[in-house]
Amino acid sequence: MTGKKGKTPSNEGLMPHSATMVPERRLQLPFTFPELFQLLAFVLLFVGGWQYLSRRPNLVLLPPALAEVHFRSASMPLVSSARLRLWGAWVLSSKDPRFGGFSGLALDRGRLLALTDQGSVAWLPWPDSADKRMLIRQLPDGPYSREYTWYRDTEALSRDPQGRGWWVSFEKANELWLYDLALRRALKRVRLGLYRWPTNLGIEGLVARPGPELLMFPEAEPRMFAMRRGRGVAQGLAGGQLKVSEAAMLPGGKVIALERDLSLGFSNRLVWLQESPHGWRVVRRLQLPAGLLDNLEGMTVQPLPNGSNRLWMISDDNFQRPLRTLLIAVDLPPERQGA
């Protein structure tokens, strides 16, 4: 239909969307700027809320107690070999709310002394003992307030090389504390520098040596440290960066460490260290047969009459299921103690 002379046809009567279409852009951002801002604000709010809640008074102070410990045999892959011989493995449990989160292990007066990552110490019974009770109590003092689990992240303990008591490392506060032999009274406080260490990557292993000297192993550093007469000295560590979760000394003076990796699960290894003129170096690594959910963080050495050494290791369940408290004992033959 043609319009009148001198007039152009109008769009009257046509559908409202019959105009020329504009092709869409082929690439569109998945989020608009306001949406990205909201997502960022949510992440910051979540992180800030977690930091706030984790630093609130949340540690219940309980009196010392005798509590029953239950041992259940744990099946493990065969590890008996020329290097290691499995002596036993057990899953431990107790109704005491302080039981769990074990991050350090030592021998004390014929018993296993375990340290939790919430500032408690427990004298554990042996697996073959008729009396299955443990004595458990919280450390009497430490950095800042005792009511915060954030400040009671204790990760390692070692007997003082001068015989005064026990050294304990506090990871997030980055401090060392010396307690008396009964772990009832604080004797000394050493500040390692609060802001010189990454969060949650502080001292995980302590080894006392004659001298006196205290070797300190950070969780993920290409070096370690020695404290001599109150002064810290950095020492090199060759053979690859270690991810230490514990360290101990064999009777001959050699140092052995636990190394822990986290990917699809936990991977645990024994690492032999040898002192050199420039520090320390890794001489051997040996995979341990713990499960993917077993985070081994405590280890101590028990000398045996035949010249062997029994390595006792304990896992950190982080007070959460399905993680568990696993106690492992492996024998290290005399000819393999030096790797």
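## Close-up views of a predicted model

**Figure 1. An open sheet of four strands.** The strand order in this open, four-stranded sheet is E8-E9-E10-E11, and the pairing is antiparallel. Strands (E, at least two residues) and helices (H or I, at least four) are DSSP runs numbered from the N terminus, and two strands pair if DSSP finds at least two bridges between them. Strand E8 (154-159) and strand E11 (186-191) are the edge strands, each pairing on one side only. On average, and with direction ignored, neighbouring strands of the sheet are turned by 20° against each other; axes are lines fitted to C-alpha atoms, for helices over the stretch in contact, and angles run from 0 to 180 degrees between N-to-C directions. The structure is a predicted model, in which local features need pLDDT of at least 70 and side-chain atom pairs count only at pLDDT 80 or more, while totals for chains, interfaces and linings use all residues. Residues are numbered from 1 along each chain as its sequence is written, and side-chain values use heavy atoms, with hydrogens and water left out.

**Figure 2. Pairing and charge between E10 and E11.** Five bridges join strand E10 (residues 175-179) to E11 in the antiparallel sense, with Tyr 179 opposite Ala 186 of E11. Glu 175 and Arg 191 form a salt bridge, their closest N and O atoms being 3.9 Å apart; the term denotes a side-chain nitrogen of Lys or Arg within 4 Å of a carboxyl oxygen of Asp or Glu. Glu 175 in strand E10 and Arg 191 in strand E11 are 16 residues apart. Glu 175 is buried, at a relative accessible area of 2%, whereas Arg 191 is exposed, at 58%. Buried means under 20% relative accessible area, exposed over 50%, and partly exposed in between (1.4 Å probe, protein chains only).

**Figure 3. A network of salt bridges around Asp 261.** Lys 243, Glu 259, Asp 261, Arg 269 and Arg 285 are linked in this network. The closest N and O atoms of Lys 243 and Asp 261 are 3.0 Å apart. Lys 243 lies in the loop between strand E15 (231-238) and strand E16 (244-249), and Asp 261 lies in strand E17, 18 residues apart. A second salt bridge joins Asp 261 to Arg 269 (2.9 Å, N to O). Lys 243 is partly exposed, with a relative accessible area of 37%, as is Asp 261, with 23%; Arg 269 counts as buried at 14%.

**Figure 4. Strand E5 between E4 and E6.** Strand E5 (residues 111-116) is largely enclosed by the rest of the structure, because five of its six residues are buried. Strand E4 (residues 102-108) pairs with E5 over six antiparallel bridges, and strand E6 (residues 120-124) runs antiparallel to E5 over four. Ala 114 stands opposite Leu 105 and has Ala 122 as its bridge partner in E6. Two residues separate E4 and E5 in their hairpin, where Arg 109 in the turn has a positive phi of about 50°. The hairpin of E5 and E6 has three residues between the strands, and Gly 119 takes a positive phi near 80°.

**Figure 5. The largest nonpolar core.** This core has 23 residues, and those with the most contacts inside it are Ile 256, Leu 270, Leu 311, Met 313 and Ile 328. A nonpolar core is a set of buried Ala, Val, Leu, Ile, Met, Phe, Trp, Tyr and Cys residues joined through side-chain atoms within 4.5 Å.
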